[in-house]
Amino acid sequence: MSHLVIEQCGPGTTLQDIGREGWRRFGISTAGAMDRLSLAVANVLVGNPAGTAAIELTLAGGRLRAEGGSVLIAAAGPGVTLSVAGREIPEGQSVVLEDGAVAQVSPVRGGVYGYVAVAGGFDLEAEMGSLSAHVRSGVGGALLQPGARLAFAGGGAERPLAIRPLPVPEQGPIRVMAGPQQDWFTEGAMARLTATEWTVSQRSDRMGRFLEGAEVAPNEGSMVSDGVLPGSIQVPPAGQPIILMRDCQTTGGYPKPATVISADLDRLAQIPAGARLRLVQVDREEALAARAAAERVLSGLVAEPVAMTPDTSLLLRENLISGVWYPGED
Amino acid sequence: MTGAPRILPCGDCAISVDFGNVIDVDVNDRVRRLDVALAGAGVPGLVETVPTYRALMVHFNPLTTDYEALCRIILDLAAQTGGGGEARRRWRVPVVYGGDFGIDLEDMAAFSGLSVPDFIEAHAAPVYTVMMIGFLPGFSYLGGLDPQLQRPRRDVPRLKVPASSISIGGAQTAIGSIECPSGWHLIGRTPAIPFLRGRDPVFLFDAGDEICLRPMAISDWDRLAARAAEGDAVVERIA
């Protein structure tokens, strides 16, 4: 059996695919990749279906070694690159990791989450239809630690592939739809939600992004729990919004003035702690158009065999794309 | 409580079909009936539903769902008085009250002005309804707590409470699942394991089930806990 051995990794390393659906009525979170587009890029680069499970890295990079066989691997995510035998592989390109060879994965220099996929995917048993680890409940597995050995099945592509150009994430404010509980907030609080330049708090993780910068407390009263999903913006009594992310619970008891649209969850996940963001309200039609556009980007990902010359390699390095989420205003 | 529910948008991928901001058996029953009816309606694009105390969360694929049609179907189903009224599953669930298994029991009894035996009797008397499963895998919120047993949650939550704890928080009581942080008062534990991977079924309870708690002797704990760990449900279906 061939394995990818994690020789070194950061504390937030897990296996993630596009998550598990159908179990939320029993309190099972969907989990799944924080940035599905980057997961898809990593997978397409090794010839896998876009939603195949890959290693998700949080901020820190890592070191991986092939054992028992060679395998085509790829990294994706803002500013994430692989180095093999001292050679840095350009972004948007896969590389064969020979048996016994080591790949150094760079830190996630332009965001928060990076992905490493292997051709044919990992040969592990899914739990409830998914390999995604929900660390808090243990469903799907735990954090990956140095020393972890992940079996790979083989298959997928065998020769390096490249995606040119890499998709550029949408820019501008994070889009939200009002509701479900906008009537629990004053007009002033609703206005502050979209007028404030928010700072992403250090407390943010796979469950939620905590925002700082203003107070948007709900009206007094006791709300009975209802359903939540990734994107729900919940506001505890103190008035600091929390945007729920992929590992969020299935129900919650805090009023929710608005919900981030599904098309913007990937780039929201890549906004690091300390960075700023704005929210802007859109209607269902705009949200749907954004989602359709995001799906077109995802299904339009095509990797071509690499035929690199030194010149094109240089050109591509000049063109490195990093996750710009909110240009134009300081 | 008999008017049309409100359809509250939760972004582009979900709606909350809201029957009212209350913990109420009749409201929860309307949620359950709609859940059953919607499951049988075969709506294209529907991903899954999550019944909660007062609303049915409906998750759907925005690209394959006709949103207006979905809302119409839901309002039509909610307006129908019949249907969804088939018998609920009813479970008898063994519970060890007090001692190391429910470290707040004596304090809770004193707070309620009841003797410990009377408190246990009052807690084990109702036929509870699983109003919602949430917070953690298999964590079952029960409706039907005797009001004299209510008590606000602890000011300082505990960082870890044992799996399968029976607890009270405000007007609610619950059967816990896995070990977790909690601000609720611990009055007992069941040897049953509501969420056990590898067992069929993985989850013992579903929203809408009825629960009868049956006090059991501590001396039976080891035997039942061992059976439960091997995959025996330990709970008994009585209806």
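Which residue is the bridge partner of A:S2 in strand 11 of chain A? That partner is A:F152. The structure is a predicted model, in which local features need pLDDT of at least 70, side-chain atom pairs count only at pLDDT 80 or more, and totals for chains, interfaces and linings use all residues. Residues are numbered from 1 along each chain as its sequence is written, while chains are lettered from A and ligands numbered from 1 in the order in which they are written.

**Chain A**

- The secondary structure of chain A comprises 5 helices and 23 strands; helices (H or I, at least four residues) and strands (E, at least two) are DSSP runs, numbered from the N terminus.
- The radius of gyration of chain A, taken over C-alpha atoms, is 20 Å, close to the 20 Å that the globule rule gives for 330 residues, so chain A is as compact as a globular protein of that length. The globule rule is 2.2 Å times the number of residues to the power 0.38.
- Along the principal axes, the C-alpha atoms of chain A fill a box of roughly 60 × 45 × 30 Å.
- Of the 330 residues in chain A, 51% are buried; a residue is buried if 20 or more other C-beta atoms, placed from the backbone, lie within 10 Å of its own, exposed if 12 or fewer, and partly exposed in between.
- Strand 1 (residues 2–9) of chain A is joined to strand 11 (residues 149–152) of chain A by 4 bridges, and the two run antiparallel.
- Strand 1 of chain A is also joined by 6 bridges to strand 4 (residues 62–67) of chain A, again antiparallel; here the bridge partner of A:V5 is A:R65.

**Chain B**

- Chain B has 5 helices and 14 strands.
- The radius of gyration of chain B is 19 Å, close to the 18 Å that the globule rule gives for 239 residues, so chain B is as compact as a globular protein of that length.
- Buried residues make up 47% of the 239 residues of chain B.

**An open sheet in chain B**

- In chain B, 4 strands form an open sheet in the order 1-2-4-3, with antiparallel pairing; two strands pair if DSSP finds at least two bridges between them.
- Strand 1 (6–9) and strand 3 (46–51) of chain B stand at the edges, each with a single partner strand, so one side of each is left without a neighbour in the sheet.
- Strand 2 (residues 14–18) and strand 4 (residues 55–60) of chain B run antiparallel and are joined by 5 bridges; B:V58 in strand 4 is the bridge partner of B:I15.
- Helix 1 (residues 25–39) of chain B packs on the sheet and touches strand 2, strand 3 and strand 4 of chain B.

**Nonpolar cores**

- The largest nonpolar core has 106 residues, of which A:A42, A:L45, A:I73, A:Y115, A:V116 and A:A117 touch the most other members. A nonpolar core is a set of buried Ala, Val, Leu, Ile, Met, Phe, Trp, Tyr and Cys residues joined through C-beta atoms within 7 Å.
- Apart from this core lies another of 52 residues, among them A:F26, B:A192, B:F203 and B:V235.

**Where the chains meet**

- In total, 38 residues of chain B are in contact (C-beta atoms, placed from the backbone, within 7 Å) with 34 residues of chain A.
- Strand 3 of chain B gives the most to the side of chain B that touches chain A, with 5 residues.

Notes. Two residues are in contact if their C-beta atoms, placed from the backbone, lie within 7 Å. Axes are lines fitted to C-alpha atoms, for helices over the stretch in contact, and angles run from 0 to 180 degrees between N-to-C directions.
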